[in-house]
Amino acid sequence: MALKKLHETRVGASCAVRIYRNSEFDEYVVKTVVNGKVQGGKDGGAFESDKQAARGTAAAQVRWLRKRMRLCQ
């Protein structure tokens, strides 16, 4: 699976939400990283068919992390 990172939003010192493009399957992948670990395991993340949906999912994940800032310190 060849992923190309398109965007990353940092939340606090140790959290991030990243958007990747997977050209092999023509999809976008949104991954949430807390303390260096991808949530949901190695293949974890939300899979979206278009960029706008991926951005919406990433924004929701950022809001979720900001509400739980103790995870990101």
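Residues are numbered from 1 along each chain as its sequence is written. Because the model is predicted, local features need pLDDT of at least 70 and side-chain atom pairs count only at pLDDT 80 or more, while totals for chains, interfaces and linings use all residues, and side-chain values rest on heavy atoms, with hydrogens and water left out.

Strand β1 (residues 3-11) pairs with strand β2 (residues 15-22) in the antiparallel sense over 8 bridges, where helices (H or I, at least four residues) and strands (E, at least two) are DSSP runs numbered from the N terminus and pairing requires at least two DSSP bridges. The two strands form a hairpin with 3 residues between them, and G12 in the turn has a positive phi of about 70 degrees; V11 stands opposite C15 in β2.

Helix α1 comprises 17 residues (51-67) and reaches 25 Å from its first C-alpha to its last, close to the 24 Å expected at 1.5 Å times one less than the number of residues. Within α1, A54, T57, A58, V62 and L65 are buried (under 20% relative accessible area, with exposed meaning over 50% and partly exposed in between; 1.4 Å probe, protein chains only). These buried residues fall within an arc of 145 degrees seen down the axis of α1, so they line one face of the helix, the arc being that of the directions from the helix axis to the C-beta atoms. They pack against β1, β2, β3 (27-34) and β5 (46-48), with contact meaning heavy atoms within 4.5 Å, whereas Q52, R63, R66 and K67, on the other side of α1, are exposed.

R21 lies over the face of Y28, at 4.7 Å from the ring centre, and K31 lies over the face of Y20, at 5.9 Å (NZ of Lys or CZ of Arg within 6 Å of the ring centre and within 35 degrees of the ring normal).
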